[in-house]
Amino acid sequence: MGLEEYKSQMERCSRCSLCKWVPIMQVKNWRFAQNCPSILKYNFHSYSAGGKIIAALGLLENRFELTDEFVDIVYRCSMDGACGVSCKNIMSTGIIDSMEILHELRVKLFKDGRIPKRHKDLINDVEKYDNPYKEPKEKRSQWAEGLDIKEVTKEKAEVLYYVGCTAAYRTPSNAKNTARILELAGVDFGTLGENEICCASTPYKIGATGLFEKYARKNIKTFNDLDVKTIVTQCAGCYHMLKVEYPKIGKINAEVLHISEYITRLMEKGKIKFTKEVPLKVTWHDPCHLGRLGEPSIPWEGKMVKAFGQALLFDPPKKVKYGLGGVYEPPRNILRNIPGLDFVEMMRIREYSFCCAAGGGVRAAYPELARFAGAERIEEAKTTGAEALVTCCPFCELNFGETIEEKKEKIKLYDLTELVLQAMGEKSYKLEIER
Ligand code: SF4
Ligand code: SF4
């Protein structure tokens, strides 16, 4: 679909601005009532979802010329989906899908060659290196040196651990901890080693759909040729691609699980047991790609029709995504089961989680926005009295880690896998952030 096909949805935007806020019934404190990193930082309507939608409508109707300033506003957005949850909560029919509209707007800007220079470079880097970090292929499995891990293209395995570019090149401790957990639980697993390529999350978010589809097709073929039963990701961004976006391109024959879901399953089977106390007060950050954006897509084909002369409806009815189907309970279940661990919640959680704004190409092109949102989330974490912020997404961790360092914050940062290994009485690798 092109942006034009969303015109009737865009015309339905009532400019109510509710997409800037956590839905009122879910607000627990005015200080943490806003949900959009972009409007929170820039405080000008155009930066909100509603603002961008109205402007995009103006663009379609040739009411203004595309300017670099508008492009800049469109890309100062982490594509995290919080606006979509709030708008649908209010409009309840789900007629306006802000995330689909914002994505189509980016696709149009990409086709018109009007994307930020940093994003053009990122796309070229993915095409040239198969990763957005300009790292050589040979370095992709460097994290596994000294570990006895199967390469699934050479030896058959039941489970594929899809590592992803960020864990492989920037947070290798994530990969080492994940592999160690699988090994200790006796899972027959392997990785693609140096043959693994990017999931193409960043090109997708930037609007480079052609490149995304090329990588999606390549990856789906690789997965299906392997004949693995399960694919596990530790990276929330990879999870979102494999679980939600790839099925729109082709079917993956294996089930796709996030490591928090897989650990929960191993706990239920008695293959993972927590034997050691971890005396720590922690809070959990829901990565957007694992939470509201991790809700599987339900294919829909149809058209929009007018009822009673003015109400706009989907025909046939479309299943509206409210973000409820994301992965929320497995990580919480793990944390609650770790002996000695005191788990407390923040105010904006689950589908109302506040994005750290590293994603959507923001960290690369607008690091100041990513740092601002990271700092906002750390402030929220601190109000819980937690000593540590826990999450399970290398990209969120890069951003939080750098923000904590920059602001000299005392709060600690853990990946979930690190705490799991500690509770299993095993040595874990401390979160490493490489630049
Ligand atoms: S996008 Fe939805 S919530 Fe935002 S201003 Fe428009 S109608 Fe209101
Ligand atoms: S995707 Fe996130 S940053 Fe972008 S408009 Fe929506 S809430 Fe704001």
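Analyst: The answer below starts with the sheet, moves to its surroundings, and then turns to other parts of the chain.

This is a predicted model, in which local features need pLDDT of at least 70, side-chain atom pairs count only at pLDDT 80 or more, and totals for chains, interfaces and linings use all residues. Residues are numbered from 1 along each chain as its sequence is written, chains are lettered from A and ligands numbered from 1 in the order in which they are written, and side-chain values use heavy atoms, with hydrogens and water left out.

The sheet is open and has four strands in the order S9-S6-S10-S11, with parallel pairing. Helices (H or I, at least four residues) and strands (E, at least two) are DSSP runs, numbered from the N terminus. Two strands pair if DSSP finds at least two bridges between them. In general, strands of a sheet pair through backbone hydrogen bonds, either parallel or antiparallel. Strand S9 (341–344) and strand S11 (412–415) are at the edges with a single partner strand each, so one side of each has no neighbour in the sheet. From one strand to the next, the twist averages 35 degrees; the axes used are lines fitted to C-alpha atoms, for helices over the stretch in contact, and angles run from 0 to 180 degrees between N-to-C directions.

One pairing can be followed residue by residue. Strand S10 (residues 388–391) runs parallel to S11 and is joined to it by four bridges. Within this pair, Ala388 lies opposite Lys412 of S11.

Helix H14 (residues 329–337) has Pro330, Pro331, Arg332, Ile334 and Leu335 as its buried residues. Buried means under 20% relative accessible area, exposed over 50%, and partly exposed in between (1.4 Å probe, protein chains only).

Not counting residues up to four places away in sequence, Leu419 touches Val278, Leu280, Val282, Leu335, Ile338, Leu341, Val390 and Tyr414. Contact means heavy atoms within 4.5 Å. Leu419 and Tyr246 are the residues with the most contacts inside the largest nonpolar core, which has 127 residues. A nonpolar core is a set of buried Ala, Val, Leu, Ile, Met, Phe, Trp, Tyr and Cys residues joined through side-chain atoms within 4.5 Å. This core takes at least three residues from each of domain 1 (1–115) and domain 2 (129–268). A second, separate core has seven residues, among them Ala49, Cys83, Met99 and Leu102.

The domain bounds come from an automatic or database domain assignment. The C-alpha centres of the two domains, domain 1 and domain 2, are 31 Å apart. Seven residues of domain 1 are in contact with six residues of domain 2.

Strand S2 (residues 159–162) pairs with S4 over four bridges in the parallel sense, and Val159 stands opposite Thr230 in S4. S4 also pairs in the parallel sense with strand S5 (residues 255–258), again over four bridges. There, Val256 in S5 is the bridge partner of Ile231. The chain passes from S4 through helix H12 (residues 236–245) to S5 in a right-handed β-α-β crossover. A crossover is right-handed if, with the strands pointing away from the viewer, the path from the first strand over the helix to the second runs clockwise. In a regular strand the side chains alternate between the two faces of the sheet. Strand S4 (residues 230–233) is covered on both faces, with Thr230 and Val232 buried on one side and Ile231 and Thr233 buried on the other.

A few local backbone features remain. A cis peptide bond, with omega about -5 degrees, joins Asp315 and Pro316. Pro316 is in the loop between strand S8 (311–315) and H14. Phe314 lies in strand S8 and is buried, with a relative accessible area of 10%. Asp227 is not a glycine, yet has a positive phi of about 65 degrees. Asp227 is in the loop between helix H11 (209–226) and S4, and is exposed at a relative accessible area of 51%.
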